[in-house]
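The sequence and structure are shown first.

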Amino acid sequence: MLIHADCIPCILEMTISSLRKISLNEEQIQEILADVINIPALQGRKWDITSADVVESVMKRIYKKVGSNDPFYNIKMLQNEKVQELYPLLKDWIQAGDDPLHSAIYLATIGNAIDFMISADVEELKKLLNRDAESSIPEKNYKELREKLTKTDTLVYFSDNAGEIVFDKLLIETIKSIKPMDVAVVVRSEPTLNDATLKD
């Protein structure tokens, strides 16, 4: 989808939030932000570009200024460690449910809340272990997915963020416990924000 007016303040807010995560002083943040604001799309001078392309331009400028192609590495590792600590609890919670696959899908959806760019608190996820909230998964969609999983021997799974990838792991394990299959997990080939990479 092409960028639109509402994307501009959102991208700038994400930029500032990201910069505050990597231990820069205020002067460095201001210098990088001044450079980022020069991106034509963020000045409303280019509309035939996607938000993803604009964010990529933002990140390239940040990487260049800080002299690292993965300035969020330590934060990603911390996210992974925090969620990995919850792994035994989450696995037990899945297995204790009436339908482990349904529970694992629910956890994978709330796992999307783990995004340090939006200041998510991993500890808050413990409060989301709610059987009643599982009903938020549309039953029709769930049945269709479950049916398709019984008919396939190969699954391609697209991951998202560091930390969240632990929830992906739980879902993949649950799927494979129901029906053995080959699973290919797709990750970023190079560091981008807090997206999961092969190391994750």
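## Salt bridge between Lys 46 and Asp 48

With a relative accessible area of 55%, Asp 48 is exposed. The structure described here is a predicted model. Asp 48 takes part in a salt bridge with Lys 46, and the closest N and O atoms of the pair are 3.1 Å apart. Lys 46 has a relative accessible area of 32% and is therefore partly exposed.

The count of salt bridges in the model comes to 12.

## Salt bridges within helices

In helix α3, Glu 56 and Lys 60 lie four residues apart, which is about one turn of the helix. The two residues form a salt bridge whose closest N and O atoms are 3.4 Å apart. Lys 60 is exposed, at 53% relative accessible area, whereas Glu 56 is partly exposed, at 41% relative accessibility.

Helix α6, residues 139-150, holds Lys 140 and Glu 144; because they are four residues apart in this helix, about one helical turn separates them. Lys 140 forms a salt bridge with Glu 144, with the closest N and O atoms 3.0 Å apart. Here Lys 140 is exposed, with a relative accessible area of 59%, and Glu 144 is partly exposed, with 36% relative accessibility.

## Phe 72 in a loop

Phe 72 is located in the loop between α3 (51-66) and α4 (73-96). Its relative accessibility is 0%, so Phe 72 counts as buried. Computed along the sequence, Phe 72 and Lys 21 are 51 residues apart, while their C-alpha atoms are 7.6 Å apart in space.

How values were computed. Residues are numbered from 1 along each chain as its sequence is written. This is a predicted model: local features need pLDDT of at least 70, side-chain atom pairs count only at pLDDT 80 or more; totals for chains, interfaces and linings use all residues. Side-chain values use heavy atoms; hydrogens and water are left out. Helices (H or I, at least four residues) and strands (E, at least two) are DSSP runs, numbered from the N terminus. Buried means under 20% relative accessible area, exposed over 50%, partly exposed in between (1.4 Å probe, protein chains only). A salt bridge is a side-chain nitrogen of Lys or Arg within 4 Å of a carboxyl oxygen of Asp or Glu.
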